[in-house]
Amino acid sequence: MALRLGDTAPDFSADTTQGRLNFYDYLGNSWGILFSHPADFTPVCTTELGRAANLASEFARRNTKMIALSVDALDNHHQWAQDIAETQGAAVDYPIVADHDHKVAELYDMIHPNASEKFTVRSVFIIDPNKKVRLTLTYPAAVGRNFDELLRVIDALQLGDQHPVATPVDWRPGDEVIIGLGVKDEDLESKFPQGHRRVKPYLRYTTLPA
């Protein structure tokens, strides 16, 4: 069955470009992004894994580890990683799972038969340190993902875990945030001494320190 927000991400052990690893052990107390790609040596996937590699320091700054997956063999992964480094200007320093038996793909419902009976779609799972699924995205095979958006989502999720706020449309770090509906008006001053802006009783904005 498909994973839903708030579900516990299934654990697994698998062969990867960084050796045999256990998913939970790999994540430790970090956030995680598990993302699948349809096949090695394909153009869109090459740009995606390269972009992820170029953003490695940004994900690390957010205490987030990446792990990719496809149903191709491990030897293909290693050979393809050389192409990615050559064409995209960054070495892939995160593991790529060789899911030739589809075990992980089935755990995470990454194969959609009406799209392809063999290859994984472009699935994305953001997983928090408690191993809970916090975001799911599914892209078709021909559409590349936006990894800047994944960074934005992680920023928003981590902010919401620290403060009783939500992020409005097109929010970027440093923008105003929305005060959560669970915060009573009488508690606004103590919770947000920096002040707030009231548009409607249900729509209240504030800023947060960097």
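## Aromatic pairs

Searching the whole structure, a predicted model, turns up six aromatic pairs. Rings of Phe, Tyr and Trp (its six-membered ring) pair if their centres lie within 6.5 Å; planes under 30 degrees apart count as stacked, over 60 as edge-to-face and the rest as tilted. Take Phe-12 and Phe-23: their ring centres sit 4.7 Å apart with the planes at 15°, so this pair is stacked. The two residues are 11 apart and link distant parts of the chain, with Phe-12 in the segment before strand E1 (13-16) and Phe-23 in helix H1 (residues 23-27). Helices here are DSSP runs of H or I with at least four residues, strands are runs of E with at least two, and both are numbered from the N terminus.

Phe-12 also pairs with Tyr-108, this time edge-to-face, at 6.2 Å centre to centre and 90° between the planes. That link spans 96 residues, since Tyr-108 is in the loop between helix H5 (103-107) and strand E6 (122-127). Phe-12 is buried at 5% relative accessible area, and Tyr-108 is buried too, at 1%. Buried means under 20% relative accessible area, exposed over 50%, partly exposed in between (1.4 Å probe, protein chains only). Ring pairs join Phe-12, Phe-23, Tyr-24, Tyr-108 and Phe-125 into a cluster.

## Where H2 meets H4

Helix H2 (residues 43-54) and helix H4 (residues 74-88) have axes that come within 9 Å and cross at roughly 70°. Axes are lines fitted to C-alpha atoms, for helices over the stretch in contact, and angles run from 0 to 180 degrees between N-to-C directions. H2 and H4 are therefore roughly perpendicular, a label for 65 to 115 degrees (under 35 is roughly parallel, over 145 roughly antiparallel, the rest oblique).

On the H2 side, Cys-45, Thr-46, Thr-47, Leu-49, Gly-50 and Asn-54 touch Trp-80, Ile-84, Thr-87 and Gln-88 of H4. Contact means heavy atoms within 4.5 Å.

## The whole chain

The protein chain has seven helices and 11 strands, and its C-alpha trace spans about 60 × 35 × 30 Å along the principal axes. Of its 210 residues, 46% are buried. Among contacts with a separation of 6 or more, 65% involve residues 24 or more positions apart.

## Ground rules

Residues are numbered from 1 along each chain as its sequence is written, and side-chain values use heavy atoms, leaving out hydrogens and water. In this predicted model, local features need pLDDT of at least 70 and side-chain atom pairs count only at pLDDT 80 or more, while totals for chains, interfaces and linings use all residues.
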